[in-house]
Structures are given as structure tokens and as C-alpha cells.
Amino acid sequence: MSKNDSEKETLEALITQINGLLTEIKHEQKNMQKQMIDNHKVNMQKFAKLIEYNKIADMTNTVFEKRIASIEKLLYEVFKS
């Protein structure tokens, strides 16, 4: 009987350890999920800034292209005459 009791206690101790590990894993997964959500939010903000900077760069390039085109047109007219 004592052998069965000791085996039962050993199994219960192992079950308790497994439950403890499962609880730690669940807690760690919740922390990882929260961190992923926070990182995603930060990444989306950075992407929004990059998109904004690209739009500004495109507008600047458009202005420069128009200026260069007008300069080329003037030079063409000057050298054509």
C-alpha cells in the first residue's frame, strides 16, 4: 500500500509541476501577444510616417521636374532662335 501511496504522491507532484509550467507558458504567451500588438502599432506608425515622407518627396520631385522642364523649354527656345 505504501508503494501505491508514494507513486500516487509522485504522480500528483508531477501533475502539479506540469500545471505550474502550463500556467507559466500561458502567462508568457499573453505577454508575447501584448508585445506583438504593441510592436505592430509602432510599426504601423512608422509606416505611416514613411508614406508621408514619400508623398512629400514625390511632391518635391514634381516641383523640381516642372522647374527643370521649364528651364529646358527656355533653353530650347533660346538656342532654336
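Me: What ground rules apply to the model?
Reply: It is predicted, so local features need pLDDT of at least 70 and side-chain atom pairs count only at pLDDT 80 or more, while totals for chains, interfaces and linings use all residues. Residues are numbered from 1 along each chain as its sequence is written, and side-chain values use heavy atoms, with hydrogens and water left out.

Me: What is the radius of gyration of the chain?
Reply: Take it over C-alpha atoms; the globule rule is 2.2 Å times the number of residues to the power 0.38. A compact globule of 81 residues would come near 12 Å, but this chain has 34 Å. Along the principal axes, its C-alpha atoms fill a box of roughly 115 × 15 × 5 Å.

Me: Is Lys-34 buried or exposed?
Reply: Buried means under 20% relative accessible area, exposed over 50%, partly exposed in between (1.4 Å probe, protein chains only). Lys-34 sits in helix H1. It counts as exposed because its relative accessibility is 55%. Phe-47, at 47%, counts as partly exposed. Buried residues make up 0% of the 81 in the chain.

Me: How many positive and negative side chains are there?
Reply: Lys and Arg count as positive, Asp and Glu as negative; His and the chain ends are not counted. A charge is placed at NZ of Lys, CZ of Arg, CG of Asp or CD of Glu. The chain has 13 positive and 12 negative side chains, with the centres of the two sets 11 Å apart.

Notes:
Helix = DSSP H or I, 4+ residues; strand = E, 2+ residues; numbered from the N terminus.
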